[in-house]
Amino acid sequence: MNNFFATPEGAWGDGSVHLTTAGIILMIAAIAALLIVAAAIRHRSAAKKAALTTKQLVYSAAAIALAVVCSMIKLFEMPMGGSVTLLSMLFIVLIAYWYGPYAGIMTAVAYGLVQFVTEPIFYTIPQMLLDYPLAFGALGLAGFFHKKKWGLQTGYIVGVIGRFLFSTISGVVFFAAYAPEGMSPLAYSAGYQASYLVPEAAVTLIIICIPPVAKALAHVKQQAVET
């Protein structure tokens, strides 16, 4: 892994590494491939309706860009990663809600890789996978509720729970040493993740349930999925 994909960093203490230029290029290629495949899946499943693959690519890319920008607007930041942001997860959930679970999951995984590329420091490949493509990719689970009543709200909750679970597992496996003496690593990790995910989820759910906001989102969805 060293020299080509990643090289020792030391920014987090012994054992941490960061992506090389080649590693970043590979991540960017993976991001592009995920978005293209997501659009292709949507296009194939709705071929009779002449689904506009290009439109989905544009909306998905725009959602990722907005999510990244909003993730930088931190209302509260935790000391060892994680923060309450300005609706950043919502934009990824919207793609899943509009285009279904498979396109949603791939777009969410792509977003996770984008987050990783913005700060490409990690300990091990398993830790990186749990914290980025898997944790953020879980937001795409919202797509399984895209045809349900209150599907956006339900899907958002499920997506956040999925991210919480993967992040908690990462905390237990790779960051147990940070747990206070005498405290269960599982309890510590779960509490840590909940401390920033729950407030952001609560604020987001309140906002998207406001009638004018719900109406605006329904209008945008119509524009996104029409052929």
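A: Let us begin with a definition: a residue is called buried when its relative accessible area is under 20%, exposed when that value is over 50%, and partly exposed in between. Please keep in mind that the model shown is predicted.

Q: By that definition, is Tyr132 buried or exposed?

A: Tyr132 has a relative accessibility of 14%, which is under 20%, so Tyr132 counts as buried. Phe116 is buried as well, because its relative accessibility is 0%.

Q: How is a pair of aromatic rings described?

A: One gives the distance between the ring centres and the angle between the ring planes. In this structure there are 11 aromatic pairs. In one of them, the ring centres of Tyr111 and Phe136 are 5.3 Å apart and the planes stand at 85°; an angle over 60 degrees counts as edge-to-face, so this pair belongs to that class.

Q: Which parts of the chain does the pair of Tyr111 and Phe136 tie together?

A: Tyr111 belongs to helix H4 (residues 101–118) and Phe136 to helix H5 (residues 125–137), so the pair ties together parts that are 25 residues apart in sequence. Both Tyr111 and Phe136 are buried.

Q: What is the geometry of the pair formed by Phe116 and Tyr132?

A: This pair is tilted, with 5.1 Å from centre to centre and 45° between the planes. Phe116 lies in helix H4 and Tyr132 in helix H5, so this pair ties together parts that are 16 residues apart in sequence.

Q: Which residues do ring pairs link into a cluster?

A: The cluster consists of Tyr111, Phe116, Phe122, Tyr132 and Phe136.

Q: Which residue lies over the face of Tyr97?

A: That residue is Lys221, at 4.1 Å from the ring centre of Tyr97.

Q: Let us turn to the surface. Which residues form a nonpolar patch there?

A: The patch is made of Val69, Ile73, Leu75, Phe76 and Leu86, and together these residues have about 460 Å² of accessible area. Phe76, one of its members, is located in strand S3 (residues 74–77). Its relative accessibility is 45%, so Phe76 counts as partly exposed.

Key
Residues are numbered from 1 along each chain as its sequence is written. This is a predicted model: local features need pLDDT of at least 70, side-chain atom pairs count only at pLDDT 80 or more; totals for chains, interfaces and linings use all residues. Side-chain values use heavy atoms; hydrogens and water are left out. Rings of Phe, Tyr and Trp (its six-membered ring) pair if their centres lie within 6.5 Å; planes under 30 degrees apart count as stacked, over 60 as edge-to-face and the rest as tilted. Helices (H or I, at least four residues) and strands (E, at least two) are DSSP runs, numbered from the N terminus. Buried means under 20% relative accessible area, exposed over 50%, partly exposed in between (1.4 Å probe, protein chains only). A charge sits over a ring if NZ of Lys or CZ of Arg is within 6 Å of the ring centre and within 35 degrees of the ring normal. Patches are made of residues with over 30% relative accessible area and no salt bridge: like charges are joined within 9 Å, nonpolar side chains (Val, Leu, Ile, Met, Phe, Trp, Tyr) within 5 Å. Accessible areas come from the Shrake-Rupley method with a 1.4 Å probe; for residues, only the protein chains shown count as cover. A salt bridge is a side-chain nitrogen of Lys or Arg within 4 Å of a carboxyl oxygen of Asp or Glu.
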